[in-house]
Amino acid sequence: MKSYRNLKKEYDALEEKYRILLAQNSELAYELTALKDEAEHIRIQDTQIRTLHQSIRHLKHDMKNHLMVIGSCLNDKEYEEAKEYTSQILDKLNAVHSYIETGNSLLNHIVNQKLEAAREKGIVVKAEIENLSFENMKSMDFSAMLSNLLDNAIEASEKEKSVRAEMNVSIFKKRGYEVVCVKNRVGKSVLQRNPGLSSTKDESAAHGIGILQIREIAEKYHGMCDFYEEDGFFCASVFIPK
C-alpha cells in the first residue's frame with residue numbers, strides 16, 4: 001500500500017498537470033475566439049468595400065448625364081440652376097466616403113464602423129491613419145482602447161451645441177511608439193469643468209466614459225495616455241511602445 005506521502009505527491013503532480021492543461025485550454029479557446037472575430041471582421045470589411053465600389057460605379061455611370069444637364073443650364077445662361085444642380089451632385093459625392101485600409105483587419109473594422117456612425121450623426125470626420133499593426137496588443141485590449149476613444153469623441157460631439165460637431169482621428173508612429181490620437185471640437189473647456197475626467201451626469205461626462213479602462217490598457221503595455229486641449233479641440237492620445 002502506498003504511503004500517504006507518496007499519494008500526496010502523486011495528487012499534487014496530477015493537480016499541477018491539470019492546471020497546466022486548463023491554462024493551455026483557456027489560451028487555445030481565446031485564440032480560437034480571436035480567429036473567429038478576425039474572420040468576421042474580414043467578412044464585414046469585404047461587404048463594406050463591395051458596397052463602396054457599387055456606389056462609385058453608380059456615380060460614374062450617372063456623371064455623364066449630370067454634366068450634360070449642367071452644360072445645358074450654362075448654355076441657356078441658367079446659372080443659378082447650374083449652381084444648385086452642382087451643389088446636389090457634390091452632396092451625393094460627399095455622402096460616399098472612402099474605405100480606410102490599414103493592413104490591420106481589426107483596425108479597419110473599428111475605424112470604418114465608428115467613423116461611418118459619426119458621419120450618420122452629422123459629425124464632420126477627418127482621418128489620417130498609417131499602416132500600423134499594434135501587434136504587441138491582444139485584440140480584446142486593442143478593440144476596447146480604440147472603441148472607447150472613438151465612442152467618447154462621438155458622444156461628446158453629439159452633445160456639443162455651441163460649435164460645429166467635428167472629430168479628427170490620427171494613428172501614426174512617433175519615437176518608438178504606435179500612437180492613437182482622437183480629437184473632438186468643444187465650445188468650452190472640458191478640463192476646467194472636469195479636470196479628473198470623471199464620469200458624471202453633466203455635459204462633460206462623455207469625456208470621462210471609459211477613461212479608466214483606456215489608462216489601464218495603456219499601462220498594461222507599458223504605454224501612456226495624454227488628455228489635453230488645443231485649438232478648440234479636446235484631445236485624447238494613447239502611446240503604445242512598438
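In the predicted model, the protein chain comprises six helices and five strands. Their order along the sequence follows the pattern α-α-α-β-α-β-β-α-α-β-β. Of the 242 residues in the protein chain, 34% are buried.

A patch of negative charge is present on the surface, where D76, E78, E80, E81 and E84 gather. One of these residues, E78, is located in the loop that connects α1 (4–75) with α2 (79–95). The relative accessibility of E78 is 32%, and this residue is therefore classed as partly exposed.

The cysteines were examined for covalent pairing. A disulfide is a covalent bond between the sulfur atoms of two cysteines. A search across the whole structure returned zero disulfides. For C181, the closest cysteine sulfur belongs to C235 and lies 5.6 Å away, which is too far for a bond; the cut-off applied to a pair of cysteine sulfur atoms is 2.5 Å. C225, by contrast, has a relative accessible area of 25% and is partly exposed.

Conventions. Residues numbered from 1 in each chain as written. Predicted model: local features only at pLDDT ≥ 70, side-chain atom pairs only at ≥ 80, totals over all residues. Heavy atoms only, no water. Patch = residues over 30% accessible without salt bridge, like charges linked within 9 Å, V, L, I, M, F, W, Y side chains within 5 Å. Areas by Shrake-Rupley, 256 points an atom, 1.4 Å probe, with all protein chains shown as cover. Salt bridge = Lys/Arg side-chain N within 4 Å of Asp/Glu carboxyl O. Lys, Arg positive; Asp, Glu negative; His and termini not counted. Charge placed at Lys NZ, Arg CZ, Asp CG, Glu CD. Helix = DSSP H or I, 4+ residues; strand = E, 2+ residues; numbered from the N terminus. Buried < 20%, exposed > 50% of the residue type's maximum accessible area, 1.4 Å probe, protein only.
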